[in-house]
Every structure is written in C-alpha cells, then in structure tokens.
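Reader: Hi! I am new to protein models and would like to learn how to read one. Could we go through a structure together, feature by feature?

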2 protein chains.
Amino acid sequence: MSLSSSQTVPSPTGMPLSSSVSPKVVIGMIGLGTVGSGVFKIFRDQPEIFFQKIAVKDASKTRTIDDLDLDLLSQDPHAVVSDPETQVIVELMGGAELAKDLVVAAIQNGKHVVTANKELIAKHGPELFELARQHNVRILFEGAVAGGIPIIMPLKLSLGANRIEEIAGILNGTTNYILTKMTQEGWSFEQALQEAQAKGFAEADPTNDVEGFDVGYKISVLSLIAFKQVVDPLAIHREGITHITAEDIENARELGYVIKLIGLAKMTDDGRLDIRVHPMLIPNHHPLSNVQNEFNAIFVKGDAVGDVMFYGRGAGEMPTASAVAADILAIATGLLKGNEPIPSMIIDPAIPAKLQPVGETVNKYYLRLNTKDKPKVIGHLGNACGDAGVSLESVMQKGINPDGTASIVLLTQAVREDQMNQALSAIREQESTSDIGCLLRVL
Amino acid sequence: MSLSSSQTVPSPTGMPLSSSVSPKVVIGMIGLGTVGSGVFKIFRDQPEIFFQKIAVKDASKTRTIDDLDLDLLSQDPHAVVSDPETQVIVELMGGAELAKDLVVAAIQNGKHVVTANKELIAKHGPELFELARQHNVRILFEGAVAGGIPIIMPLKLSLGANRIEEIAGILNGTTNYILTKMTQEGWSFEQALQEAQAKGFAEADPTNDVEGFDVGYKISVLSLIAFKQVVDPLAIHREGITHITAEDIENARELGYVIKLIGLAKMTDDGRLDIRVHPMLIPNHHPLSNVQNEFNAIFVKGDAVGDVMFYGRGAGEMPTASAVAADILAIATGLLKGNEPIPSMIIDPAIPAKLQPVGETVNKYYLRLNTKDKPKVIGHLGNACGDAGVSLESVMQKGINPDGTASIVLLTQAVREDQMNQALSAIREQESTSDIGCLLRVL
C-alpha cells in the first residue's frame, strides 16, 4: 500500500490547502509506549503521514526507536490536541479519564481521532461518537479490541447486511496462555500464571486479566458495534479463571472439550442483551477450541453469513500498531483524496442495553464436586437435579481424593441458570456432599 | 444496519437529484440464481435499495422468492446495464466472457459494479479496475472469494498497513468436505465424493473442484489484492486431491497432520510470486487444521500483524449474498451521503507476476511408496535421498500390502522441489521399488 502523491491536502475544515504544499496528513500522537512506537515505525518512512508532535509523560526517557528526533516529543498533551495544523489525533495513552478529556478537546478542535483504548470506548464511546458526529469528524478504534485482528471494520462493513445474532470471543491473551499451558502441560493455575509472568505475558498484579475485567471492556465494545447496545462494562456478569484446576481441564478433555475464558454477547428474543464474561467448556470440533497460547479469536454468528471467525494476535507492539495504522490510513486516504475521510456507514444510534439477568440465561453446565458416602451419592445428586428440573447428560465418578472423598463430575442438559442454582443449593445441603469444586458453562 | 433517509441521492454523475425524490439507490442485477435470490431477499424490504430490473435467462422459470414482481425480470441483460436510472450493477451470472462484456458496458455507462464472479476478476480484474478508474466508478467483489468470509475488504483496509508475506487458504468447500469425511470416517476418495454429490456439495462433474481449478481462480484473486500481482489462473501450478487415499490420511494422522487442499501464494525475496494449488499436510496445531466440512478459511501472514485467519462458509445462498450485500451497502452509503461511494484506498497498480517455478520452491515432503525386497529397502531409500541432498526426518514401515509389497512412508526435511524430484526419480528406478503411491508437501 502506498498513498498517491498527486493530490492536495484538505485542511481540517475541508478546504484544500495550497497545492504548493506537498500532500501529507498531519498526525499528533499521545503516547509513545509499545503500540505508539510500533505505529511510529510503520509510518516513519511514509512521507504522506507526517508526525507533528508526540505527547509523552517523560521526554527524557530512553526509547526503542532509532534516531528519534527529540523535538517531536512534547510533555503537554493538551498542546498536541490543539495544534492548528494537526488533522488526526492518535490516542495511545490508555486509561479513561485524561484520555477522554483529550479526545473531547481533539474532536472539538475539528480533528479526527484514532484510538486503541478499550476502556475509553467501553465507558464513553456513545458520547464521543455523538460529539464526533456533531463536529463532522471520525473516531476509529480497530486496535481497541483483539489487537491486530480485523474485527471492528469487518463487523461494520463486511457484515453490515447481517443481523448479528451472537459473538463469542477469546479476547485476552494472558488467560488463554494460562489455560493453554494448563491443558498442554497439566499445570495448576498458579504454575501457569508464574510461567506467564516470567514470559512477560502476565502482569505482576494479574487481576485485570484473570478476573475478566479486560474481556469485559472488549465484549462491551463489540456489543456496541454489533448490537448498538450501550452497556456499562462494570455491570457485566463476570467470572475469572482462578478457580479452575488441572482436574477440571482433564475432566473436560475426557468429555471432548477444552476450557477457555469467553466474552459472550447475544440479543434475546425480547430485545435484551445477554452479555457475560466467564470460562466455558468449548467442544473440540468448535473453531474456538483450537485457539492456543496468546492468540485471540472472535466467533460471530450472522443471520445471513452464518458462522464466521476472526483469529490472530490480540496484543503486542506490531499487531496492535497494524490495527491503529489501518485506521490512520483509512482517514488519511480520504483526506488526501479530498473526500469523506473514512468508510462511513450510517449507523443506528446506540441505545442503553436492557441486560438479561444471568439467572435467566440457558446453558449446559459442568459441575465438579466432592462427596462422602459413595454408594448413595448418584441417587442423591439425581434427586436434587430432578427436583429443580435439571436433566443430566452424564455423571462420572472420577476416583477417590486423598482425604477419602470421591470426585464426581456432572454434565447437564441445557437449563435455566436459576434452576441450576437451585439444584446446586440442594446438592450443597446434602449430607453426602463434601464440597462443590467448580461450576462451568458449556458453549 | 439501516441507511439514513435524510439525504438526497446523487445521480450517477455525482449531481444530487431533486430533493423531492425519496432517497434510494437504484440497482440493476444480472442473474437471479442462488446468490441473486439471497441478495434480493436481504434488500427487498429496504426502501433505500431499489431493484430497477433483474436480468435472467428465462423469465418464466419458477423462483424461490415469494411474491416476486415478474415485471422486475428482463431477458435482456444489455438493456439492464444501460438503463439510465440505474446506479449500481450487481453481476451474479458467472462465466468470464458475457459477464465481462456486460461489466465493461456498465462501467462505460458510469455505473458502479458489484460482482461475485471469481473467474471474471481472476481473468480480467486489472483491465476492469483500470476502466473503472477512468470512469470514476467502483468495482467491488467481496463475494468472489470464500463466500461470506470477509477477506477482500479486510486485506485492502484492515491490513492495509502491512506488507503481506503469505496467504494459505482452504478455498473450496467441496474438497474440504471430501477430505474431512475421508479423515473422520476412513472413507476412500470415491466414497466421500459420492456422499458429497448426494448432499449437493459436489457437482455431477466434479473436475472444477477436485482438480483445483476453482481454488486457482480464488488464489489468483487474492494475489491480485495482497501482492498486486497479476497471474493467469491457468498458469498456476495445480494438483488435485483424487490421488489421495485413506491410507495417506491415516499416515498423516499418525504423524500429527491432516491433509487439506491449499491455495498458497507468497512473494520470494527476489520479487517473484510463488503461487500454487495442491494438497498439503497441515500440522494439528495450525489453525487451518481444524477447518472442517464445507467451511473455508484464509490464513494470512503480515509483517506487522503476524498470523491472522478468517474463517466461515465459503459458498451458499445467504453467506455469499452477505458479501455481495456488504459491497452494495458500501457503495450505496456513499451515494446516499453524496460522497465517494466506498472506502477507496489508493492502491498501487497491479503488475504482471513473474512466477517462481515450482521446482525452485522449498518444502518438506511426505512420500508413500510400495517396495519389494524389504530388508535392504531403507538403505536404498536413504542412499537415493542422500545423493540428491534430501535429508529425511522419519521413515516408517507401514506394513505389508495384499500383493506382498511393503508400504513405506518418508517425511523429509525442507528441500528444493527439484532435489526432491531427483530423489524420486532415483527411488523410482531402484530394483526394490514397486511403485510410488503419493507425494505431498507439508505446510
């Protein structure tokens, strides 16, 4: 891809500048960390993409970029977003609050915005889209979800004639790496987490990843695009992966499944949004089951297209920079041609989601529990499930634990979650039950 | 997705029509077969997309569309492409020659074109793109490759900042269905083909699919987009799947591979195009290995994004209609807004490909052969390979055939194909060789 150099550049107001100015699009960037450095490397030899200023926290810090012109750096992001010659602001600082103030200022100053900030879009997307509409500028955010995987643009354009029915994504590389290692090596969660931390895939405090907060932001951004539903990411039902044991992984394998942390979103028949983040058993024949290590994938069901899946690296310097650079090119190409700066499908405005309570969702369940009094146990479990209207697909006795209890695994048929919870309460109160090990849903 | 109805429609010349005209985009369609019917169903209740005329071979034929207004049908496709009010021609008739004449006429008449015709784009794409550029209209063809899977637009836009390094695709649903059944059921090629024909996945004459012609068209279209390389689809090195046996599938499984028909394209370091269609052994951990039945997938390596994969249904009424409809929406949205009608990245012109001869490619090989004189065989094979500079990764004796010969499987290390052919000639001439069963490359 190279940009043509035979056109003049319109200024931010849309009026072409003098044709004596060489054709270029003027960029101001906020943040020069991992992704920002990648974006800079992609465009540094492209004369059409001109970096005017890059806002950084500490201009004296050593950078990984060769021969970086230090005059490019500024410690004043507010000055960067108000520079009169800058046409596009690339926000790569992260966090929701200062980033929001800067993006609002950029839009009010008539600048297009490219961001990879999932938290910003999840929390303030609709408000920013409306502001951008009023100021006739674009805000693009392909890098905010699943790094380099093309998903936002394909959902908006390529699947634009579909009613999207369901999205199920492996959206966090850290947890997928941990679950992959637990599966391949038989490790415990703690062992796999340590390995991930040693390799730089997990942070010292892994809460944001392993408790599913990161996936919550991403699935709420995808719901905004696919369903036009605005959802507070903190209102999403969310379960992490810390309670999953090597035993659960092995049980799932024997049953023909792998365990993955899934961000799930679908519309119910009555127009509510079923959106959740939790680990699930994925059948071995499902394309999500083969997504290994730090890779991500998003499985989408559309009414016309059927099942599609997008797979790739969900993070990292160059993959995420690839997505940010695509957004910059989409805007720049339009500006260089003097046209609307991007593929701008006219999108229905987003509306606040009515969430379906997770108790009303219907799922198949995997339940592992430890029991005493082995001979009567299967009958007791069957009764507790039957009384709650839960039908069982299989019951497996998995052997005797060191403490003398027996490990039992149930797989249910599809049932409402509140019925399953009712069965679970009854099982928990049974004399023969020692403790509940793990309850997981099945995709 | 709904289109806004607050704008006037520019005519094909770009001038807005009177604002008293309700905003719509006027479509002429050529072909009302499977895909055409799907496109019609998607838009029939969308007032913004207005079908002016649909050219069919036989207007009296019974159609699957409820309440079809027969006045819409015309048996004169030339009249449809020259209708003065029509803004977009949707070509779904197939074949390269008449379709080309009609698309040329449509472009010369100032109409945008959407097509799902892989043969047309593979054979005449560059010429049509240049004509469209001269007439300032767009030609879009998302449906031409891999049905509903978004791949053309993502390659052009979402991966636009990448230098694409390699494309490897499962691009034909019929052969993937056959190979999947051979793998899962242990069937012969002939059994699996019969089943595919019975299910409507394979035609009575399956040559176009099983000999790889269909994949040849598709990989040449992808090369045009990804590498800007124009290649005659009939010049592509092409091998089908008819010689693969249940034994080869089982041998591959034991070695940790599945066999898939792959369309492959990559640029060599000296700027030549390595493009081929042939079956390959795919390692079980590779995401392409889990693409089952009639599904398609395209694996793309980009210099920034790394590995990405796009997965979905490669054919069928609604999946392909989904892709065609996305192209129509992309053009219509622009027209309704009075702007450039699509996301139009400025693309380097395509150039005629210099093909790398397949003899110069470097691959790992799987070789199955039948031998006499068992005791000395391994030594003979080792000598033949060693003399040609072919290193062996493994040699497996697979048991004795009913005719008393022994089935032997070799897996080589990566080696130039002409060296492999030299080893193969030597093996074929050896006294101990009965016959060569199957030679396959490894991804």
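**Cysteines, a pocket and a sheet**

Author: Gladly! Cys438(A), for one, is in no disulfide, and the nearest cysteine sulfur, in Cys385(A), is 16 Å away. Please keep in mind that this is a predicted model.

Reader: What is a disulfide, in general?

Author: It is a covalent bond that joins the sulfur atoms of two cysteines. To be counted here, the two sulfur atoms must lie within 2.5 Å.

Reader: Is Cys438(A) buried or exposed?

Author: Here we look at relative accessible area, and under 20% means buried. Cys438(A) has 2%, so this residue is buried. Cys438(B) also counts as buried, at 2% relative accessibility.

Reader: Next, pockets. Which residues lie nearest the centre of the second largest pocket?

Author: They are Lys118(B), Asp214(B), Gly314(B), Ala315(B) and Gly316(B), out of 37 lining residues. The space in this pocket is about 1000 Å³. By residue type, the lining has eleven nonpolar, 17 polar and nine charged residues.

Reader: Which parts of chain B supply that lining?

Author: Several helices of chain B give at least two residues each, including helix 4 (118-134) and helix 9 (213-227). In terms of domains, domain 1 (25-148 + 317-348) and domain 2 (152-313) of chain B each provide at least three residues of the lining.

Reader: And how do I read a sheet? What is the order of the six strands in chain B?

Author: Read the strand numbers from one side to the other. In chain B the order is 3-2-1-4-5-6, in an open sheet with parallel pairing. Strand 3 (73-74) and strand 6 (139-140) of chain B are the edge strands, since each pairs on one side only. For a look at one pair, take strand 4 (residues 88-91) and strand 5 (residues 112-115) of chain B, which are joined in the parallel sense by four bridges. Within this pair, Val90(B) has Val114(B) in strand 5 as its bridge partner.

Note on methods
Residues numbered from 1 in each chain as written. Chains lettered and ligands numbered in written order. Predicted model: local features only at pLDDT ≥ 70, side-chain atom pairs only at ≥ 80, totals over all residues. Heavy atoms only, no water. Buried < 20%, exposed > 50% of the residue type's maximum accessible area, 1.4 Å probe, protein only. 1 Å grid on protein atoms, 1.4 Å probe; cavity = no way out; pocket = protein on both sides within 12 Å on 5 of 7 lines; lining within 4 Å. Points joined across faces, edges and corners; volume = space filled by probe spheres on them. Nonpolar A, V, L, I, M, F, W, Y, C, P; charged D, E, K, R; others polar. Domains from an automatic or database assignment. Pairing = 2+ DSSP bridges.
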